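Dear colleague,

Please find below the structure that I am handing over to you. My findings follow directly after it.

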Amino acid sequence: MKLSHKELEIQSGQFGEVRKLALEHQIQVGKFFDAQSFVEISQVHIMADTEALGLAGIEYLENLAQYPDPQKQVWVPTITDPRGSDFKSFKKIKQNKRFVDMEKRAIDAFKQLNVMMTDTCINYQVFMPPVKGEHLAFGDTGSSIYANSVLGARTNFEGGPSALAASLTGRTPMYGLHLEQNRIPNKYFKLNVRPTNFSDWGALGGIIGKQMNSYWDVPIIYGIDFKPTSDELKHFGAAMASFGSTPMFHIAEVTPEDHLAQNKNPKMNNISLSDLNNFYKSYLPKDDHLDVVVFAAPQLSLNEMRILSELLDGNKIHPKVSLLVCTPSAVKVLCDKNGISKKIENSGGIILEGVCFYNMHAREIGEANGWKRLMSNSAKIINILGGYGYETILNSMEKCVISACQGKIVK
Amino acid sequence: MKENVYFGHIGIGEPVKGEALVADDNFSARYDLDRINGIFSRKSHKLFNQSYVNKILVLNVAKGGVATAWMFRSMKISKICPKALLLNFANPIIAQGAAHANLPLIDRFKSDITKIIKSGDIIKLFPKEGKIAILNEKSTN
């Protein structure tokens with residue numbers, strides 16, 4: 001890789017051991033992907049929940065935190081993905097205190113690095129939304145695919161160690177989605193079905209994601225004859241990234257770089273209503289037993305919280321079922337202010353703030369509560385939690401609420 | 001001893017030798033593994049219930065989320081970890097995690113690596129050369 005004067009200075013240790021090691025990590029990754037140089041970035045979004053970190057990761061952060069401020073503090077604005085514990089509500093879901101203690105240690109370390117604890121995966125809806133052409137180091141598949149696809153910004157999936165390295169050096173290796181040639185669509189899809197709710201969008205994202213052969217496939221979707229909302233595209237992208245490790249999509253006449261589609265006579269993959277129905281059916285269990293309903297992954301926006309609160313208003317969650325909702329702390333403040341939280345909590349719903357259910361040590365929480373059967377309107381969480389010992393069911397927010405109130409799965 | 005050599009892209013990590021565990025399936029540490037017991041825990045995964053500890057995992061592509069980047073290091077320190085990873089296509093997360101954990105990784109072979117190597121084969125990786133050698137292939141009898 002060709003290094004700039006500044007990068008050579010970092011590499012020489014002029015700015016301290018922490019930044020030197022960060023750059024060396026980045027060079028290793030850059031060489032793996034044939035990067036020729038670095039690109040400066042404007043902001044970093046770092047995923048480092050304690051389940052992913054483990055004790056080894058926490059100790060790694062604590063070690064960095066011991067260095068003098070000029071050596072360890074981030075060089076570009078750096079914000080965090082959801083945490084692994086909600087200090088206000090962990091007892092309500094029987095989360096083991098040891099996970100809460102781990103979380104406190106990680107947060108203390110991050111604060112010493114001058115990382116801003118925003119604790120959200122929907123940062124693009126809440127804080128510092130990127131603009132077209134802006135180079136980033138985003139560390140959540142959902143935030144990355146949204147930034148690339150909907151906003152036209154440029155980022156690879158930057159896992160925690162690399163996002164942290166980027167925040168310490170102010171740059172990232174220039175490969176993958178930072179280069180226009182890797183943003184050109186090579187898989188073409190035609191939707192012959194109209195998504196009507198968030199779970200439909202997630203299911204369609206999952207259907208397309210499953211057909212991506214690797215990180216280097218970029219799909220373009222035709223047939224959407226209306227302008228989707230931010231929340232709809234959020235579910236679409238998050239599911240696609242989850243099922244396919246896909247960092248970018250285009251939607252004709254919707255997303256800002258659809259003009260990159262160059263194939264005039266592509267092989268078109270059609271997606272029909274039966275494909276959508278089959279996706280839902282693939283998650284249907286044999287009986288209607290239900291333990292827990294989860295709204296998360298991605299965290300709910302203010303508008304999703306409002307919609308959910310109206311569905312729950314005046315209803316009661318069945319005593320045999322739990323209903324969990326995850327939202328950023330910043331959104332929770334507005335929900336409190338606007339009476340949204342009250343409606344959800346009066347129904348028996350539990351609001352978890354600054355967290356996302358699947359990265360809260362979901363396996364252990366499930367065991368502590370006896371939860372096995374989990375229902376959600378998020379295709380992403382349905383996909384992830386299959387590996388955590390849950391039987392997962394996908395349905396609309398409305399059907400999830402009805403099921404939670406009736407205490408059984410309502411199809 | 002029969003020795004077949006194959007090349008992929010230049011990889012990450014130090015040379016390592018071990019027994020392969022192979023499947024024509026994809027990989028994510030968060031989505032697929034029970035990292036406490038060291039087994040594949042996703043029921044739909046072709047390696048469901050099999051131990052990955054000290055095996056050289058040979059799989060198709062990386063999938064899913066970003067957590068794997070942290071998890072590899074934690075897995076390695078706990079010693080509930082594969083010895084190395086061979087994929088047809090890694091994604092940035094897998095590469096970043098391998099670099100952070102110093103876990104040997106090679107990808108981008110000329111042919112489907114999950115068809116070349118069989119579970120039980122003893123293989124040696126030379127990541128800096130992007131090279132693998134199958135030292136003694138598992139009997140196909």
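Helices (H or I, at least four residues) and strands (E, at least two) are DSSP runs, numbered from the N terminus. Two residues are in contact if their C-beta atoms, placed from the backbone, lie within 7 Å.

The model is predicted: local features require pLDDT of at least 70, side-chain atom pairs count only at pLDDT 80 or more, and totals for chains, interfaces and linings use all residues. Residues are numbered from 1 along each chain as its sequence is written, while chains are lettered from A and ligands numbered from 1 in the order in which they are written. For the complex, the predictor gives an ipTM of 0.94 and a pTM of 0.96.

A residue is buried if 20 or more other C-beta atoms lie within 10 Å of its own, exposed if 12 or fewer, and partly exposed in between, with C-beta atoms placed from the backbone. Among the buried residues are Pro92(B), Ile93(B), Gln96(B) and His100(B). Asn102(B), which follows α3(B), has a positive phi, near 55°.

**Contact between the chains**

Chain B contributes 32 residues to the contact and chain A contributes 33 residues. On the side of chain B that touches chain A, α1 (29-32), α2 and α3 of chain B each supply at least two residues. That side has 15 nonpolar, 11 polar and 6 charged residues; Ala, Val, Leu, Ile, Met, Phe, Trp, Tyr, Cys and Pro count as nonpolar, Asp, Glu, Lys and Arg as charged, and the others, Gly among them, as polar.

**Domains of chain A**

Chain A is divided into domain 1 (5-180), domain 2 (185-281) and domain 3 (292-406), with bounds from an automatic or database domain assignment. In chain A, 15 residues of domain 2 are in contact with 15 residues of domain 3. To the side of domain 2 of chain A that touches domain 3 of chain A, α10(A) gives the most, with 7 residues.

Yours sincerely
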